[in-house]
Amino acid sequence: MARTRFMTLERHIIEGERKHPGATGELSALLSDLAIAAKVISLEVNKAGLVDILGFTGNQNVHGESVKKLDIFAHDVLIRAMDHGGHLCVMASEEEEDIIHIPPKHRLGKYVLLFDPLDGSSNIDANVSIGTIFSIYKRISPDGTPGILDDCLQPGLKIEAAGYIVYGSSTVLTYTTGHGHGVHVFTLDPSIGEFLLSHENIEIPEKGKIYSINEGNYKYWHPGLKKFIKYLQEEDKASSRPYSSRYIGSMVADVHRTLLYGGIFMYPADSRSPNGKLRLMYECAPTAFLIEEAGGRAIDGKRNILDIIPSSLHQRTPVFMGSKVDVDMVEHFLSHENHTNVEKEIF
Ligand code: AHM
Ligand code: MG
């Protein structure tokens, strides 16, 4: 029988930390705490369909307690798992308007945590993959004081670690600490309750064969984007066209597939939503950090997502991310009137 490697997330994080001589272990502790929250959320997501079968409809369960929506449950679990470790000074969640302070009874640390507790929540009732997205920054306010909004409003370039968990046919956790340390995927083995390494050092294919976008919004798109999608649908063996179309409608799951198979995921601006739909701080910057670490690109049409200096916690941005060549192509289509030379200019 072939020998397979048996690497838990915990061990992988600790071994990664040993490669940084100055590491204090705080980032590792944060990642481990996030993995615990992910296991709790995963369990609850797996039970989601039972809520109706067991008659827990409405806002109260059989004990007369209120039943929380799954996205609010995930938000609460993350706060409860993360607020008392002593490593954070402030948090922010897609589910909360303002920054989340660390209660005064807990020690303050030097890190900042941002998260989208349950991305793709409109897919919950259809049993389609959903996920949690997170990013960790170093604080910029003075140590020992409560964290402030400016700690949360840093460009993606400053991310120290980012990742996501997809609750799908299995639960997978993907993370990176950037700077060439690679993107790694772990799969939850429910029988032992451990995340086990399933893909190490993922490299996104330089060019893919899949595009991912909500085509229902076609009418409202920029003319360059319409031409790009039509271009991908044309037949040309030499450039592997036509591409396939895949759109789950949970960014976290669409990005996971894009990382593994290559291609391009897009949520553009359109004439109805001039800034697109997705949130810079909770969805786009963390996934852009992962995609770039895996060798891909992530832009808003013109700028790198990671270069954008945020001005508010919940700001939206258009996003195009994935295989480098595919993102170069959309960038070209968005900025040129004449597309006849696309192959010549890109390949
Ligand atoms: P959510 O945070 O309410 O779940 O919304 C974000 C989701 C993304 O996961 C996904 O990419 C997008 O919304 C899908 O939007 P649409 O239904 O407009 O295609
Ligand atoms: Mg979301």
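Tutor: Helices (H or I, at least four residues) and strands (E, at least two) are DSSP runs, numbered from the N terminus. In this predicted model, N201 is found in the loop between β8 (194-199) and β9 (210-212). Residues are numbered from 1 along each chain as its sequence is written, and chains are lettered from A and ligands numbered from 1 in the order in which they are written. Local features need pLDDT of at least 70, side-chain atom pairs count only at pLDDT 80 or more, totals for chains, interfaces and linings use all residues, and side-chain values use heavy atoms, with hydrogens and water left out.

Student: What is phi of N201 near?

Tutor: Phi of N201 is near 50°, a positive value in a residue other than glycine.

Student: Is N201 buried, partly exposed or exposed?

Tutor: Buried means under 20% relative accessible area, exposed over 50%, and partly exposed in between (1.4 Å probe, protein chains only). N201 has 43% relative accessibility and counts as partly exposed.

Student: Where does N127 lie, and what is its phi near?

Tutor: N127 lies in the loop between β3 and β4 (130-138). Its phi is near 60°, again positive in a residue other than glycine. N127 is exposed, with a relative accessible area of 76%.

Student: Which peptide bond is cis?

Tutor: The bond from R241 to P242 is cis, with omega near 5°. P242 sits in the loop between α6 (223-233) and β10 (244-245).

Student: How many residues surround ligand 1?

Tutor: A residue is near a molecule if one of its heavy atoms lies within 4 Å of it. Here 15 residues surround ligand 1, and the closest are G120, N214, Y247, M251 and Y267. The shell draws at least three residues from each of domain 1 (9-199) and domain 2 (210-346); these bounds come from an automatic or database domain assignment.

Student: Which side chains have an N or O atom 3.2 Å or 2.9 Å from an oxygen atom of ligand 1?

Tutor: A polar contact with the ligand is a pair of N or O atoms within 3.5 Å. For E94, a side-chain N or O atom is 3.2 Å from an oxygen atom of ligand 1. The distance is 2.9 Å for the side chain of D119, and a polar side-chain atom of K277 also lies 2.9 Å from a ligand oxygen.

Student: Which elements give two or more residues to the shell?

Tutor: They are β3 (111-119) and β11 (264-267).

How values were computed: A polar contact is a pair of N or O atoms within 3.5 Å; within protein, one must be able to donate a hydrogen and the other to accept it, and residues adjacent in sequence count only if both atoms are side-chain atoms.
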